[in-house]
Amino acid sequence: MGWTMTKHDIYDEIEGFQVWNYMECDKDDEGRETWHINVEIRRYGEIVVPVIAGDITYVDRGLAQVAGREVGARLIASQS
């Protein structure tokens, strides 16, 4: 049976927006990680795009962090 690690909430600044990446990691019995992301966009503290749940999983935190940044950049581009 797997267990859940602590969540990691990080944000990046992109074109004046804050891209919040809420990452969560599950580990299986053999210690393999599976990372999930949820992305939210804010500007001046106000939510512009509510949390979007990612539907892809990632094998490490670095990949999940990059993916969250890329999802955020696409969401910001769609606001223009």
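**Exposure and salt bridges**

Q: Is arginine 32 buried or exposed?

A: Buried means under 20% relative accessible area, exposed over 50%, and partly exposed in between (1.4 Å probe, protein chains only). Arginine 32 is exposed, because its relative accessible area is 52%. This is a predicted model, in which local features need pLDDT of at least 70 and side-chain atom pairs pLDDT 80 or more, while totals for chains, interfaces and linings use all residues. Residues are numbered from 1 along each chain as its sequence is written, and side-chain values use heavy atoms, without hydrogens or water.

Q: With which residue does arginine 32 meet in a salt bridge?

A: Side chains of opposite charge can pair when their charged atoms come close. A salt bridge is a side-chain nitrogen of Lys or Arg within 4 Å of a carboxyl oxygen of Asp or Glu. Arginine 32 meets glutamate 30 in this way, at 2.5 Å from N to O. Salt bridges with shared partners join Asp28, Glu30 and Arg32 into one network. Glutamate 30 is likewise exposed, at 59% relative accessibility.

Q: How many salt bridges does the structure hold?

A: There are five. One of them pairs arginine 69 with aspartate 12, with 3.1 Å between the closest N and O atoms. This pair links distant parts of the chain, 57 residues apart: arginine 69 lies in helix α1 (residues 61-79) and aspartate 12 in strand β2. Helices (H or I, at least four residues) and strands (E, at least two) are DSSP runs numbered from the N terminus. Arginine 69 is partly exposed, as its relative accessible area is 32%.
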